Amino acid sequence: MRLRVGSFCRLDYQGTEHGPGDEFVVSDESAPQWLRTGLVVPADGVWPEDATPAPKPPPKPAESHTAKPAAKPGEYVAHEPCQPPDSGRKSVCSVPRCPCQVPKGKCLECKRAHGRHRNSSAHQRAYRSKEWQRTRTAFLREHWHCECDECMLTPEILRPRAQVVDHIDGLGPLGPRAHDWTNLRAMTTAHHNRRTMRDQGNGT
């Protein structure tokens, strides 16, 4: 049977190199094996029944890379349970309906989900709203010094001056207690950033 070398293919047969479009003759018994390689085609265009090339598998659908939705304040986004701590005091994640056990506060996945929410445009607009700016100004007028956990261990006169207002529940200006003074505390920018990094799982 006469075969023709396919496009972009080269092969060596009986010591002779054949390039694209070259033809050579093989026995009828070995022709099906040659044709199944995909390197050659019948020179006359007629395929033997036992040498029809296998159909190519359909292409796999492209994987979706849709970003995870940003969690609303205090909303639980379903995820695989986090690995509980090996030792120490254990409690349930502070986000409602999340079953993960953590030493304190939110589990790692809920911290990440809340971090995506903090970067959302709605969250940023809420921080720039006139209502929040009034609450922030009034609170800092009454609370001059940093009230983070570390600074509260030192006398007030030795604490640094506060520049920002932190939400204790971690839900920000869109949370249900956004303007509740019992849910607020004054902090320095550096201490507030450190707390934010810790809540988002990027710090210790």
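Colleague: How many disulfides does the count come to?
Modeller: This is a predicted model, in which local features need pLDDT of at least 70 and side-chain atom pairs count only at pLDDT 80 or more, while totals for chains, interfaces and linings use all residues. Residues are numbered from 1 along each chain as its sequence is written, and side-chain values use heavy atoms, with hydrogens and water left out. A disulfide is a pair of cysteine sulfur atoms within 2.5 Å. By this rule the number of disulfides is zero.

Colleague: Is cysteine 151 buried or exposed?
Modeller: Buried means under 20% relative accessible area, exposed means over 50%, and partly exposed lies in between (1.4 Å probe, protein chains only). Cysteine 148, at 3% relative accessibility, is buried. Cysteine 151 has 7%, so it counts as buried.

Colleague: What share of the residues in the protein chain is buried?
Modeller: The protein chain has 204 residues. The buried ones make up 37%.

Colleague: How many helices and strands are there in the protein chain?
Modeller: Helices (H or I, at least four residues) and strands (E, at least two) are DSSP runs, numbered from the N terminus. From that end, the elements run β-β-β-β-α-β-β-β-α-α-α-β-β-α. The totals are five helices and nine strands.

Colleague: Which residue in E5 is the bridge partner of leucine 3?
Modeller: Strand E1 (residues 2-5) and E5 run antiparallel and are joined by three bridges. In E5, leucine 3 is bridged to proline 42.

Colleague: Which residues does valine 41 contact, leaving aside its neighbours within four places in sequence?
Modeller: Valine 41 lies in strand E5 and, at 33% relative accessibility, is partly exposed. Contact means heavy atoms within 4.5 Å. With those neighbours set aside, valine 41 touches Leu3, Arg4, Leu35 and Trp47.

Colleague: How many aromatic pairs does a search of the whole structure find?
Modeller: Rings of Phe, Tyr and Trp (its six-membered ring) pair if their centres lie within 6.5 Å; planes under 30 degrees apart count as stacked, over 60 as edge-to-face and the rest as tilted. The number of aromatic pairs found is two.

Colleague: Why are tyrosine 127 and tryptophan 132 classed as they are, and what is the class?
Modeller: The ring centres of tyrosine 127 and tryptophan 132 lie 6.0 Å apart. Their planes stand at 75°, so the pair is edge-to-face.

Colleague: How many residues apart are phenylalanine 139 and tryptophan 181?
Modeller: Phenylalanine 139 and tryptophan 181 form an edge-to-face pair, 5.1 Å centre to centre with 80° between the planes. Phenylalanine 139 is in helix H4 (residues 130-142), and tryptophan 181 is in the loop between strand E8 (164-167) and strand E9 (184-187). Phenylalanine 139 is buried at 1% relative accessible area, whereas tryptophan 181 is partly exposed at 38%.

Colleague: Which residue has its charged end over the ring of tryptophan 144?
Modeller: A charge sits over a ring if NZ of Lys or CZ of Arg is within 6 Å of the ring centre and within 35 degrees of the ring normal. Here the charged end is 4.7 Å from the ring centre of tryptophan 144. The residue is arginine 161.

Methods: Two strands pair if DSSP finds at least two bridges between them.
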